[in-house]
Amino acid sequence: MSTTNINPPTSETSTFKPKPIAEITSAIVRFAGDSGDGMQLVGTQFTDATAIFGNDLATLPDYPAEIRAPAGSLGGVSGFQINFASSEVYTPGDTVQTLVAMNPAALKVNLPDLERGGILIVNSDAFDATGLKLAGYTSNPLEDGTLDGYQVHKIPMSRLAKEAVAPAGLKPKDAERCKNFLALGVTFWLYDRPIAPTLKWLDAKFGSKPEIRLANELALRAGINYGNTAEMFQVHYRVQPAKTAPGTYRKIRGNEATALGLMAAAWKADRKLFYASYPITPASDILHELVKHKNFGVKVFQAEDEIAAMCAAIGGAYGGAFAATGTSGPGMDLKAEAMGLAVMVELPMVIINVQRGGPSTGLPTKTEQSDLLQALGGRHGECPIPIIAAQSPSDCFYAAFEAFQIAVKYMTPVIVLTDGYLANGSEPWRVPRVDDLPRIEVNNDIDPETFQPYARDGNLARPWALPGSKGLAHRIGGLEKENITGRVSYDPLNHETMVKLRAAKVAKVVESVPDQKLLGPDTGDLLVVSWGGTYGTVRTAVERMQAKGASVSHAHLRYLNPMPANLGELLKRFKRILVPELNLGQLLWMLRAQYLVDAKGLNKVQGRPFTIAEVMDRIQRTLDGEDD
Amino acid sequence: MATLTTPAVSLQPKDYGSNQEVRWCPGCGDYSILAQIKKALAAVGRDPDQMVFISGIGCSSRLPYYMATYGIHGIHGRAPAIASGLRLVRQDLDIWVVTGDGDGLSIGGNHLLHAIRRNLNIKILMFNNRIYGLTKGQVSPTSEMNKKTVSTPYGSVGAQINPCSVAIGCEATFVARTVDMLPKHLEYVLQRAAHHRGVAFVEIYQNCNIFNDGAYKYMTDKEVRDDNLIELEHGKALIFGKNGDKGIRLGSGYRPEVVKLGEGGVSLYDLLIHDEKATSPALGFMLSRLRYPQFPEPIGVFRAIDAPVYDALIDDQVKRLTAEKGPPDMQKLLDGPDPWEVE
């Protein structure tokens, strides 16, 4: 393939000569650089422009745990991937078609993911002796043949950026920092993206710093002009807008969607949302989002620790608020004792776990389906809690909303599992109309004459009697309570009754769980069963295998406890069952235990999502009888 | 002791008690505390339906079950955290935390510290018996050095923590100490706490007659107590002793010292004057350090100042932002800053 050495545009080449545009149906682009290079920012800008242009898309940010890892090091590489298309997109994609690498370390880390023949855009200025040494290159990959087989575009971005932004009058170091916008400009040109959303963002962000605003615009335009005029690019691409259902759309990240789902639930119940949380990666953005909305009456409490956040949620729920807390795995460990109290006092609240690689501190910024079994059983005693797992960034909204519906209907804490991949990933979302969302009925109007703290309704829910109500004063707590009266009781038979009642209540949630649907025929050689954030990848893999004629269907579970009523029967209609998970087989364990089926796992714990190819390969091997 | 303000409701102390059987050991100091809480609440006229008692784990933490108010018997050490959540969503309730020395200063130290430094509008009653009672007699963070217990048979070696010093160190806006066996004083201090807006921390010396009997004998025995305790009163000199002839003076190096009035020319004017409203916590902190047997131990209100209340400040922000941003529009929020239409 062509390795083009290119000079910056000269006055002759900058004469406007539009280059041909090739129509394509999808593209996968990854921006990679040092964590100080602003890759998440340009990735987000590219995404915004793409969303507004009307493509369907999915994104995957991938950044180091350290805020500032050593500059230029392999550990400091930050990446942002976007898959966009003129049809529906379910994943950020496997192999990358265009890679932007801002330094040698970024090239080294990301090159294995670039497809053969793919486009590679590098900042050649960063490939000096120091940069190469930091990345562990003994010779310059731009010159030693490493990149043979790729379409390599070497652009002296640092130098070009400095020259382009000269009119803004920045200090040289600040001017050089604009190279990320130069890179963005090149990709804007390459994929024919609109520039307006980014200019609007610059206005909002740097309104008070006109010189910075101007510099970034100059760099962006320089990148676009460079693509248009430099002789290195022969063609650029257009991905037509996706044909999607009519409506109002926005781009949304998983954590944003979770926050909005919690707020919308409180709104539809005419309640105030109370969110107590302790900062933790990758869940903190929920806290940051909610605190913006105090004018909705949202009360946000940054507690002194995870335990306090959980306890504060219990206090808030007792007071009648829609109470929630959010965290990640290590925080769930700490909350476990208080979650037991929440189960015992039977108050409604939502616990969000944005899962990450574990155990212990593990991989804070990387994704893993780490905590399903913890959600199911990670508390002492018989301590059942309903579990819902979100399946895409925008689905986090509905998962959070439904969690409150269940919490209030059954007077129980509910766990929502999302993960780092969903939390930071984004996609276009057809925004629901608030009027179309179901009302959440809450009843705190209780007759003091007949009030009993642990009397139960048809859903086995106890009354939500709020302090301050006349004649309803009662005491709740962690000690076992006498059935109906709620008095402290050490009676052995009463304890068994109460344990069974709490279990029966959570089992009864199944009445609010829709029957499991399948993608594909309802009988066949193989059923692939997945849950949570792997939805897009597994679905795409199954669809591609179906297109090849394979007898395979897909069941993606959103409800993990209780699981849908018809699931056991569905499982028995297939010859084989495959459960792909980003853990060592937690859903697999549950399915085998609950339904006595000989399911097999596809398991990966590398802090990264599955690729479609990995899942397809395993499906093929399973169909070929590898497990038989 | 006189009621401080006119009651809002007119109830008898017994009206604050629930029908649950009280299950503390016979002779426990907690009985007296429970009785004085009911008296104080009746005196200040609180409506039980507007009150919530929240506790952790330990003997003291059983108290909410015995009140005819709302209540949560929580988990070990976490009562201030549960109370924080309730306080933030409900400004209208009167919230009291009941804790002990192990619950509040060992397993729950972090929550206590933060509830205090935030100045949440809650009362915190710490029953300090200087021992673990419910778990049968282990050493507590407030146990004196070299204490022999089941978990320290050769004597404890960790230094003793002083609850009022901790509270004042966190700049609690109300800090007081009282004793289970001095019911009048106990009731007075509880009334004072009831009227405080902001966090009110009350340490109650409490006798555990099973595992640490007589821990406060020096404060409660009629023969010696006047020489061993000193009652703090705002604006008054620090005088104590059976004959009222001893006092506390600030000596050289800002060290407090016990002096005898009339000896060596010491007069009333040489004594420290208590100022519970001092902005600086320094005086209150110094007084909280006075320990038997070198000094008489102070009881009464160390500190009672007005300061912005956390939950009220949060509410102010909500009001200010609502005024600035206008009434909430959920659809607009969901649509986000940059929605686009697909026809």
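V528(A) stands opposite L578(A), which lies in β22(A). These residues belong to a predicted model, in which local features need pLDDT of at least 70, side-chain atom pairs count only at pLDDT 80 or more, and totals for chains, interfaces and linings use all residues. Residues are numbered from 1 along each chain as its sequence is written, while chains are lettered from A and ligands numbered from 1 in the order in which they are written.

Strand β19 (residues 524–531) of chain A runs parallel to strand β22 (residues 574–581) of chain A, and four bridges join them; two strands pair if DSSP finds at least two bridges between them. Helices (H or I, at least four residues) and strands (E, at least two) are DSSP runs, numbered from the N terminus. The open sheet has four strands in the order β20-β19-β22-β23 (chain A), with parallel pairing.

## A helix on the sheet

Helix α17 (residues 535–547) of chain A packs on the sheet and touches β19, β20 and β22 of chain A, where contact requires C-beta atoms, placed from the backbone, to lie within 7 Å.

## Where chains A and B meet

The contact between the chains takes 60 residues from chain A and 49 residues from chain B. On the side of chain B that touches chain A, α2(B) gives the most, with eight residues.

Strand β18 (residues 475–477) of chain A and β2(B) run parallel and are joined by three bridges, and within this pairing I476(A) stands opposite I72(B).

Key: Two residues are in contact if their C-beta atoms, placed from the backbone, lie within 7 Å. Axes are lines fitted to C-alpha atoms, for helices over the stretch in contact, and angles run from 0 to 180 degrees between N-to-C directions.
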